[in-house]
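I opened this notebook to record what I looked up in one structure.

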Number of protein chains: 2
Amino acid sequence: MIGFFPDERAPGPALLDRFEAMIGASHVLASAADMAPYLVEPRDLYQGRALCVLRPGSTQEVAAILRLCNETYTPVVPQGGNTGLVGGQTPDETGRAIVISLQRMRALREIDLASNTMTVEAGMVLATAQAEAERAGRLFPLSLASEGSCTIGGNLASNGGGTSVIAYGNARDLTLGIEAVLADGRIYRGLSKLKKDNTGYDLKDLFVGSEGTLGIITAAVLKLFPRPAAVATAFIALPSPAAALALLDLARERCGGEITAFELAPRIGLEFVLAHCEGARDPLAQAAPWYALLELSSQSADGLDERLLQLLENAADRALIRDAAVAASLDQRKAFWRLRDELSDAQRHEGGSIKHDVSVPVADIARFLTEVEAALAAAAPGARLVAFGHLGDGNIHCNVSQPVGADKAAFLARWDEINTIVHGVVARYGGSISAEHGIGQLKRDLLPSVKDPVALDLMRALKATLDPNGILNPGKLL
Amino acid sequence: MIGFFPDERAPGPALLDRFEAMIGASHVLASAADMAPYLVEPRDLYQGRALCVLRPGSTQEVAAILRLCNETYTPVVPQGGNTGLVGGQTPDETGRAIVISLQRMRALREIDLASNTMTVEAGMVLATAQAEAERAGRLFPLSLASEGSCTIGGNLASNGGGTSVIAYGNARDLTLGIEAVLADGRIYRGLSKLKKDNTGYDLKDLFVGSEGTLGIITAAVLKLFPRPAAVATAFIALPSPAAALALLDLARERCGGEITAFELAPRIGLEFVLAHCEGARDPLAQAAPWYALLELSSQSADGLDERLLQLLENAADRALIRDAAVAASLDQRKAFWRLRDELSDAQRHEGGSIKHDVSVPVADIARFLTEVEAALAAAAPGARLVAFGHLGDGNIHCNVSQPVGADKAAFLARWDEINTIVHGVVARYGGSISAEHGIGQLKRDLLPSVKDPVALDLMRALKATLDPNGILNPGKLL
């Protein structure tokens with residue numbers, strides 16, 4: 001096939017005029033000041049340039065934009081709440097790309113209580129989706145640190161995870177159907193509410209998690225759940241990650257489907273939070289090496305606290321736990337969760353931090369953590385591993401804080417080296433170097449070293465099939 | 001690309017020799033008698049011919065076979081337990097295809113209790129997988145009528161459903177990773193145990209549900225669950241499907257995650273079972289228009305029967321139910337389930353039956369059934385609609401028995417006409433013409449009339465990308 005070279009076909013001003021005609025001049029941002037918030041991601045790791053930022057108001061407008069971009073070989077970077085942690089939402093430095101912000105497309109199209117579904121546009125903020133579900137007497141369980149600003153479209157593009165995955169699954173599992181615009185502007189209309197539909201290939205899951213490289217998700221049908229009638233939360237002191245795993249097993253045996261969170265944190269993480277977060281206090285009298293935050297939820301109001309207490313007593317009898325506090329009020333529950341939620345942020349006050357979003361098979365977590373700790377101690381003595389996260393999903397964020405008093409820049413210069421060490425242990429356990437954040441720019445060059453080569457070939461073939469001109473989020477993921 | 005015409009390149013005898021060299025002569029079946037069981041499906045709807053039936057013993061052997069088939073443009077029909085209901089496992093009548101039976105590949109490769117996973121080969125029978133899980137103290141919840149002979153590979157290729165979908169999801173949801181051989185013989189190694197892995201496109205779900213048209217699944221990592229400590233089962237008389245939906249809502253509110261089955265059946269279906277199944281008896285004193293089989297399961301042994309009874313009392317207070325029997329023993333539970341499980345088979349004794357495997361949004365089921373009933377009454381007076389199945393999934397099998405005393409052949413000759421009527425109502429509700437059985441040959445020609453044209457285009461593009469020579473299960477699905 002004969003193509004045009006992009007530079008011959010993407011004359012900036014002419015394109016801008018055509019975009020303005022499509023979606024209205026006020027929704028085409030082209031000045032440096034207007035574009036600035038869209039071109040840098042929150043942690044300042046990536047900064048890009050763009051021809052313009054477009055804020056379409058409808059699926060049809062997104063389709064029109066993509067048709068033109070495809071014809072003119074103009075790179076397109078889709079963006080939701082701009083909260084991604086791997087640079088997937090940031091354009092490169094050439095300034096040739098356009099950014100499409102979905103933030104204006106934030107309508108609740110429908111809520112269907114009998115089907116327990118909610119149809120929302122991609123730009124709806126996650127917290128808004130949670131609130132809409134709550135207003136209707138339902139639960140939309142996806143819950144992330146950035147829920148106040150991240151959008152459903154971004155959640156789906158990156159297959160967001162968070163603390164409720166153990167009970168409800170990740171963004172993929174919470175989505176019944178999607179609407180997406182393809183690279184050439186065609187609209188895939190897959191807004192199905194069906195729980196079961198075996199009429200062909202699973203297209204929905206091809207787009208979910210594809211980080212905007214195969215199409216732009218414009219709307220989704222999300223699953224809703226009953227709101228729990230009772231919630232019981234415990235902050236638990238443990239001797240080791242192995243004990244935490246045994247506690248999780250015991251909880252599964254006793255309370256099965258009632259476990260809605262099981263988060264792990266090390267003492268050093270708690271200490272950082274206690275030191276740097278105003279008002280934070282340790283719920284337990286004595287320090288312990290590890291902590292778990294366990295939450296049970298139930299549809300029947302009766303007996304949940306008792307079941308939690310009984311579980312904790314049994315666990316204490318088996319020496320799995322050292323101590324535990326059960327939240328006696330909503331305020332206490334919030335205080336326990338704050339200790340968990342601030343773990344990542346608290347590290348900022350301890351100098352440089354080299355982050356890992358890894359997962360291994362749940363069974364291997366304890367051995368995995370021991371090996372990571374030993375490997376880091378050998379390579380970077382004094383570096384402080386804060387290994388916390390979603391134990392039940394095998395997803396532990398192994399964030400490494402610099403040694404006390406070390407030079408921040410010198411420590412951060414070892415980013416790739418430390419990554420290689422941690423990811424080496426991950427590989428030995430058949431784990432993942434991106435459990436929930438995606439690949440984006442940050443891990444793109446790591447992918448070939450960890451991925452089955454046939455899987456990589458298949459991914460490249462799918463990309464070439466769905467986006468033959470390579471306009472969709474180029475340089476991301478692949 | 002220049003290709004060879006199949007007939008020039010697939011000289012039967014030469015191919016047979018090469019297959020024998022690959023997998024051993026005893027595993028290459030070429031006589032009519034040896035091949036017969038593989039060439040006809042259980043209901044006799046489809047009968048095909050084949051060059052030979054191959055029974056490889058390893059993934060490497062499957063890979064070698066596919067490499068040769070791809071080079072020689074030889075069509076390949078993968079087959080598991082040969083229990084599919086849409087002809088997906090039957091070759092066409094040209095006799096050019098080879099059948100690859102996965103039945104020899106039935107090993108349990110690993111069971112990992114800490115990770116709650118089981119790695120099995122594709123040819124393992126579903127009931128064996130259930131038994132292996134049970135032996136290890138776990139539950140593998142997939143449950144289908146054909147579980148005694150269907151295989152895991154077939155379950156995954158067709159994304160099997162069944163009665164436990166409401167609680168545990170379908171085959172797709174129960175699978176963490178797969179190994180699959182591609183059309184050209186490359187092996188995709190995706191046997192991941194990870195609960196979370198956001199490193200690229202979701203390839204697993206591309207193969208699951210693709211009915212053997214994109215690759216041959218050779219092994220899978222399946223999710224295991226704790227065995228419930230208590231199960232409570234009720235056989236419930238209801239005035240209407242709308243009341244059944246309201247009961248399901250109430251059950252969700254009260255018992256949430258404990259609902260492990262919610263099946264609907266009409267009086268006429270029960271009557272067929274009572275008339276034709278030896279020993280079957282009505283658990284309730286008075287006839288009712290509709291019945292539900294509700295099962296709750298719990299990890300805690302205490303109080304489940306009481307919760308079920310309380311739910312039923314509440315439902316009776318609201319006039320949602322007319323009567324109910326709660327199983328007091330395992331035998332009673334089995335007897336209730338038999339009334340459900342025999343519904344389809346019992347219809348055979350009532351003459352011709354035109355079947356539909358449809359789903360609609362759960363909220364619309366009552367209206368949908370009213371419309372189907374009216375449309376059938378107008379078009380085929382006296383025909384008896386037996387609408388039963390998985391209410392909680394929106395998946396009702398609308399099987400239509402011939403009028404009493406009518407001519408069977410004449411009734412069955414109206415198959416397409418009756419399909420069109422039922423599928424027309426399905427389409428008005430945004431439903432699916434194949435909720436759980438797949439497309440195969442049976443519904444292939446219906447697909448274009450019900451599927452989003454962009455979705456169809458995408459499916460064809462994916463097929464061309466993954467199977468450029470079109471050797472994998474040609475004529476099925478697309």
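The entries below cover the ground rules, the symmetry, the sheets and the helix packing.

**Entry 1. Ground rules**

I noted that the model is predicted, that local features need pLDDT of at least 70, that side-chain atom pairs count only at pLDDT 80 or more, and that totals for chains, interfaces and linings use all residues. Residues are numbered from 1 along each chain as its sequence is written, chains are lettered from A and ligands numbered from 1 in the order in which they are written, and side-chain values use heavy atoms, with hydrogens and water left out.

**Entry 2. Relation of the two chains**

I first asked what rotation superposes chain B on chain A. The answer is a rotation of 180° with 0.0 Å of shift along its axis, at an RMSD of 0.0 Å; the superposition is by least squares on the C-alpha atoms of residues with pLDDT of at least 70 in both copies. The two copies are thus related as by a two-fold rotation axis.

**Entry 3. The five-stranded sheet of chain A**

I looked up the strand order of an open sheet of five strands in chain A and read β5-β6-β10-β8-β9, with antiparallel pairing. Helices (H or I, at least four residues) and strands (E, at least two) are DSSP runs, numbered from the N terminus, and two strands pair if DSSP finds at least two bridges between them. β5 (108-112) and β9 (187-190) of chain A stand at the edges with a single partner strand each, so one side of each has no neighbour in the sheet. The twist averages 15° from one strand to the next; axes are lines fitted to C-alpha atoms, for helices over the stretch in contact, and angles run from 0 to 180 degrees between N-to-C directions.

I then followed one pair within this sheet. β5(A) and β6(A), residues 117-121, pair in the antiparallel sense over four bridges. Ile111(A) stands opposite Met118(A) in β6(A).

**Entry 4. The hairpin in chain B**

I turned to β5 (residues 108-112) and β6 (residues 117-121) of chain B, which pair in the antiparallel sense over four bridges. Which residue is the bridge partner of Ile111(B) in β6(B)? I found Met118(B) there. The two strands form a hairpin with four residues between them, and Asn116(B) in the turn has a positive phi of about 55°.

**Entry 5. The four-stranded sheet of chain B**

I recorded an open sheet of four strands in chain B, in the order β1-β2-β4-β3, with mixed pairing. Its edge strands are β1 (28-29) and β3 (76-79) of chain B, each of which pairs on one side only. β2(B), residues 52-54, and β4(B), residues 98-101, pair in the parallel sense over three bridges. In that pair, Cys52(B) stands opposite Ile98(B). I also saw that helix α4(B), residues 59-71, lies across β2, β3 and β4 of chain B and runs at about 165° to β4(B).

**Entry 6. Helices α9 and α14 of chain B**

I looked up how α9(B), residues 241-255, packs with α14(B), residues 365-379: the angle is about 165° and the axes are 8 Å apart. That makes α9(B) roughly antiparallel to α14(B), because angles under 35 degrees count as roughly parallel, over 145 as roughly antiparallel, 65 to 115 as roughly perpendicular and the rest as oblique. The crossing of α9(B) and α14(B) is right-handed; a crossing is left-handed if the near helix is turned anticlockwise from the far one by less than a right angle, and right-handed if clockwise. Pro241(B), Ala242(B) and Leu245(B) of α9(B) make the contact with Ile365(B), Ala366(B) and Leu369(B) of α14(B). These residues divide into six nonpolar, no polar and no charged; Ala, Val, Leu, Ile, Met, Phe, Trp, Tyr, Cys and Pro count as nonpolar, Asp, Glu, Lys and Arg as charged, and the others, Gly among them, as polar.

**Entry 7. Helices α14 and α16 of chain B**

Finally, I noted that the axes of α14(B) and α16(B), residues 415-428, come within 10 Å and cross at roughly 150°. α14(B) and α16(B) are therefore roughly antiparallel to each other, and their crossing is right-handed. Among the contact residues are Phe368(B) and Glu371(B) of α14(B), and Ile418(B) and Arg428(B) of α16(B). I recorded the division of the contact residues as 10 nonpolar, no polar and two charged.

Technical notes:
Contact = heavy atoms within 4.5 Å.
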